[in-house]
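Subject: Structure handover

Hello,

Here is the structure you were going to look at. Please open it beside this message, and then read the notes that follow.

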Amino acid sequence: MSSGRAQGIFDGLPIPADKAYLKEGLSRIDESWAASRFDSLPHVVHILTSKDREGEVQFLKEQSDLVEDVVDEVVHVYHHGFNKAIQNYSQILRLFSESAESISILKVDMANAKKFLGSRNKQLHQLWYRSLTLRHVLTLLDQIESVSKVPARIEKLIADKQFYAAVQLQVQSMLVLEREGLQVVGALQDIRSELAKLRGVLFYKVLEDLHSHLYNKGEFSSASLSISEMEDQVLNATAIDNSVNSSQPLSRRTRLVKIENHFGGSLSADGSYRPGSIDDVSSFEGHDDDSVEIAENAVSDGAFPSARVHADGNIKKVSRQMPTWLSSAMPDEFLESMKKSDAPLYVKYSRTLVECLCMLGKVAAAGAVLCQRLRPTIHEIIISKVKVLAVQKSSRSGLDLVTKKDNSDIYDSSGILDGLQVLKPKSKNNSSFSATQLVVSPVSPIMTPKGAAQSAAGEFLNSILDYIICILENHIIVGELLESKLSQQADNVLTPKAASSDTVWGADSESSQTGGFNVGFSLTVIQSECQQLICEILRATPEAATSDAAVQTSRLGKKNPAKEKRDGSEGLSFAFRFTDAAASMPKRASQGWQRGTSAQQEGYGTSAVLPDQGIYLAASVYRPVVQFSDKVASMLHQKYSQLVNDGLLAFIEKFLKDHFLPAMFVDYRKSIQQAISSPAAFRPRANGSVYKPLVENGRPVLQGLLASNMLAKEVLGWAHLMPKYANELVEFVQTFLERTYERCRTSYTEAVLEKQSYMLIGRSDVEGLMRVHPSNAYLRKSHDQSPNSFPDAETVEVELEISELLLGLRPIKQEHLIRDDHKLILLASLSDSLEYLADSVESVGDIFGTSFSKTADKNLNNQAHRHTRSTSAVPPSFTSLAEEYRRLAIDCLKVLRLEMQLETIFHLQEMTNREYLEDQDAEEPDDFIISLATQIMRRDEELAPFVSELKRNYIFGGISSIAANASIKALAEIRSINLLGVQQICRNSIALEQALAAIPSINSEAVQQRLDRVRTYYELLNLPFEALLAFIQEHEYLFTQKEYSSLLKVNVPGREIPADADKRISGISSH
């Protein structure tokens, strides 16, 4: 038995708490007793088959008593309610009976009324018709009275700048006057004429406001309202409450024809029209309206140019309240769409003005006037911006800009150098370096890639083009709105129902056109005006824009460019063609708006802003133009891509390729040629007696190489400004760096031609020995590293081989040596200058490659950009050129090292074939030692300003080893020597040691170690044979066996040598 089922059925029974046992008893009753279709058979069968029948019957009686007790309790509780229900049913029955009697009486009365009314039918119909006539007359009188007050109301609305409400009122009033019954009212002719005049007034007021709004001069333009103002002045709701509007609707009889709203949709990317138009252009958070979409992707792709993306990348949140300029307008579909729109404030205002023109049917006339005013207005705006920038420039008292007049004696109007002037050494290093830049570069300092004129031109053009972008954006918004209206009109004409209701568009035949005003026309004219501005900045002449590039290059290579012509009869041939609207302007357009667009226009006055003008500013113009074209392309639909491609960017790229680059190549080719062929180009200049590692501090770099380095950096600076042409510029830099290398090679060859040192470095054996010598590492070390000059066994062996090779060249002739100190100085200066240029080429190449690789990565990450810049990493040619420079620099140092070694051998070879039998103790070294020491000190002093200490150590570091080995080898060729002769040779070595120790870069201890060996060797001649033999036994490896044997062969007066001396010494060596 399920107690849960019983509790569910009997749970609501009103059983008192003191009889809770009744509930418990009910819970024990089987649920089958409460079934809707009770079947007693199972229970009877159960009792009959039970063993205890009486017990089962007794159990059923107890349950029956329990149920009866429960019923008694329920009846007791609901007794009063049952009685009340019976009374209510009785009363209802009585009321139904009385209603039936009343209805019978009402039927009789209605039958009587029908009979009476039928007898007066004609009189009632006449009275009803008269009432309708009188009501219609009263309505017409009300309308006439209302229309008579319309002109004054329209004038007030115009004064309050409620143009949409005024246009609404004018259009509706004209429709009222065209209604049947009012057309023949003569008193309304004056009002009709006044409304027609007000239509023209409204047209010019709206047109003037639209014109100001297009150029960001209006009250609600994007430039007039800051972001905070757009939030504070986002317009309040209309004064008419929505509840009042809904409770007092216009009468259907007097309601005017509803004006269709054509702005309930948006312009899609393909130019079609879809619902939810301008609402889709901005991101709006926290709205429940499903029609609002976030169109960030669409904005970024340029599908919705009317949405302005702010600097933080987000679209400004705009309130959905009714703008104040629509507060007096009557509710219609346009107002509803404006209220729901999330478009920026200036876009809403543009929509309102375009809607007003559409309602007036003046789209074509307005478009024609806007077309006519476009070019002169853009021209005036640019002039005004230039004047503002000129005032700002003049107010900067702390900024001293260099003008082109400062260098008028060196530069022409285009910054092209007539000739390279020979520099005179300056007392101040900085002034000398700046003077080098002045006379070498084909442009003035302010016109260089990092000059003041370039930065000023870039900033100036950026500011102008940024403002032009805002203006173009407004034109795009208005142009696309007009295209949308025209497309909707065409669709409505094809729909009969729509054609019958579109009464406003049929009011003017001009509505089928826009008067020539569209996005393409605006873009073309604006770009052409920007092109004129750029031409003034570049001082581009008609000749420069139309002549063949080859002819132009030849002309620029021979003479200065012609002065700019501003007679209006000639001009640059534009990369795109345009037609002024004046040619197709309707003749009935207002003469007050007409200005001679074909009349001669004055210049823009850019000379007041820019420090200089000329063709070299084309480089700084390029990047702003590319950015401008990218922005324009992102704002426009794909169908206008050809206009953008053939526009301003195409012009500047053509100008750069056909005119600027050829002219620049001619100028820089001439400059580099003059720089490296000048007599002063390879004339060493010493700034003090100490070498300075920095050019700024006076490093004596040859002027030709310094000029080449500066010109290379300048050309790479142009490549940075014009990344698209980087490859051509890099190739050009490579070309004139190679020419510089050839000139350096020629100068080097002239200095060493037919000299023995030059021939020796070409020999593979000499080259190999010099390469393995430890000093060769100094050639690759930086200036601040000190060499390790202490010779080890390997170094001694290499030095011995070199000495043997060089000593084998004796006798050394004087004509085979470089005796001209100027040539030695030139080689030293050329080596240092080549190293400087190699380091500069590598560093500039690294910076150049890093900068352009970043640009390449940026282009790869932004595939949506329409313009792809051609980039270039560090060219391998730069690395190879740097290596060539370094190899030549090393060759110069090797020649100098060999030259000093050969000079040492040349002087020391006088020791041979002579007798050192001195009869008195001399106080001075030999003349050839004095000459050699003097020459070493003089050359060290002369070379000190041109090479670092490290390189000086390399140049003079081979003298001591050569001198020591030559002195020891000379003993074999000396016929006789006495004690005083030995002292003389020792004095010679001391003098040579002192001369070498005076060189700061040479380690005096290493020199002393080598020359002490000479003195030790010659002092062995003073020893008796037995003492010499003992020394050899103790120092067997100090000298070679041949050198020990030479000690025995020389004739020393008073010394006795046994006959078997050689055998005894050989025996010691063999052990």
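Is Arg 771 buried, partly exposed or exposed? Arg 771 is partly exposed, with a relative accessible area of 49%. Please keep in mind that this is a predicted model.

**Salt bridges**

Arg 771 forms a salt bridge with Glu 767, and their closest N and O atoms are 3.3 Å apart. Both residues belong to helix H28 (residues 764–772), where they are four residues apart, about one turn of the helix. Glu 767 is buried, at a relative accessible area of 17%, because the limit for buried is under 20%.

Another salt bridge joins the side chains of Arg 819 and Glu 903, at 2.1 Å from N to O. Arg 819 is in the loop between helix H29 (793–807) and helix H30 (821–861), while Glu 903 is in helix H31 (residues 876–908), so this pair ties together parts that are 84 residues apart in sequence. Arg 819 has 32% relative accessibility and counts as partly exposed. Glu 903 is buried, with a relative accessible area of 0%.

Arg 1013 and Glu 1043 also meet through their side chains in a salt bridge, with 3.4 Å from N to O. Arg 1013 is in helix H36 (residues 1004–1019) and Glu 1043 is in helix H38 (residues 1041–1049), so the pair ties together parts 30 residues apart in sequence. Arg 1013 is partly exposed, at a relative accessible area of 23%, and Glu 1043 is buried, at 6%.

One network, made by salt bridges that share partners, consists of Arg 819, Asp 821, Glu 903, Arg 938 and Arg 939. The count of salt bridges comes to 30.

**Aromatic rings**

How many aromatic pairs does a search of the whole structure find? The search finds 17 aromatic pairs. One of them is Tyr 741 with Tyr 885: the ring centres are 5.8 Å apart and the planes are at 70°, so the pair is edge-to-face. Tyr 741 lies in helix H26 (residues 726–752) and Tyr 885 in helix H31, so the pair ties together parts that are 144 residues apart in sequence. Tyr 741 counts as buried at 12% relative accessibility, and Tyr 885 is buried with a relative accessible area of 0%.

Tyr 1017 and Phe 1039 form a tilted aromatic pair, with 4.9 Å from centre to centre and 50° between the planes. This pair links distant parts of the chain, 22 residues apart: Tyr 1017 is in helix H36, and Phe 1039 is in the loop between helix H37 (1025–1034) and H38. Tyr 1017 is buried at a relative accessible area of 0%, and Phe 1039 is buried at 3%. Ring pairs link Tyr 1017, Tyr 1018, Phe 1039 and Tyr 1044 into a cluster.

Lys 385 lies over the face of Tyr 467, at 4.7 Å from the ring centre. Arg 897 has its charged end over the ring of Tyr 954, 4.8 Å from the centre of that ring.

**A helix and a surface patch**

Helix H25 (residues 703–721) has 19 residues, which at 1.5 Å a residue should span 27 Å; the C-alpha atoms at its ends are 27 Å apart, which agrees. Of these 19 residues of H25, 17 are buried, so the helix is largely enclosed by the rest of the structure.

Val 67, Val 71 and Val 75 make a nonpolar surface patch of about 210 Å². Val 75 lies in helix H4 (residues 53–77) and is partly exposed, with a relative accessible area of 42%.

**Backbone details**

Arg 810 and Pro 811 are joined by a cis peptide bond, with omega about 5°. Pro 811 lies in the loop between H29 and H30.

Lys 161 has a positive phi, near 60°, in a residue other than glycine. Lys 161 is in the loop between helix H7 (150–159) and helix H8 (163–177), and it counts as partly exposed at 42% relative accessibility.

Glu 754 is not a glycine, although its phi is positive, at about 65°. Glu 754 lies in the loop between H26 and helix H27 (756–761). Glu 754 is exposed, with a relative accessible area of 59%.

Regards

Terms used
Residues are numbered from 1 along each chain as its sequence is written. This is a predicted model: local features need pLDDT of at least 70, side-chain atom pairs count only at pLDDT 80 or more; totals for chains, interfaces and linings use all residues. Side-chain values use heavy atoms; hydrogens and water are left out. A salt bridge is a side-chain nitrogen of Lys or Arg within 4 Å of a carboxyl oxygen of Asp or Glu. Helices (H or I, at least four residues) and strands (E, at least two) are DSSP runs, numbered from the N terminus. Buried means under 20% relative accessible area, exposed over 50%, partly exposed in between (1.4 Å probe, protein chains only). Patches are made of residues with over 30% relative accessible area and no salt bridge: like charges are joined within 9 Å, nonpolar side chains (Val, Leu, Ile, Met, Phe, Trp, Tyr) within 5 Å. Accessible areas come from the Shrake-Rupley method with a 1.4 Å probe; for residues, only the protein chains shown count as cover. Rings of Phe, Tyr and Trp (its six-membered ring) pair if their centres lie within 6.5 Å; planes under 30 degrees apart count as stacked, over 60 as edge-to-face and the rest as tilted. A charge sits over a ring if NZ of Lys or CZ of Arg is within 6 Å of the ring centre and within 35 degrees of the ring normal. The expected span of a helix is 1.5 Å times one less than its number of residues.
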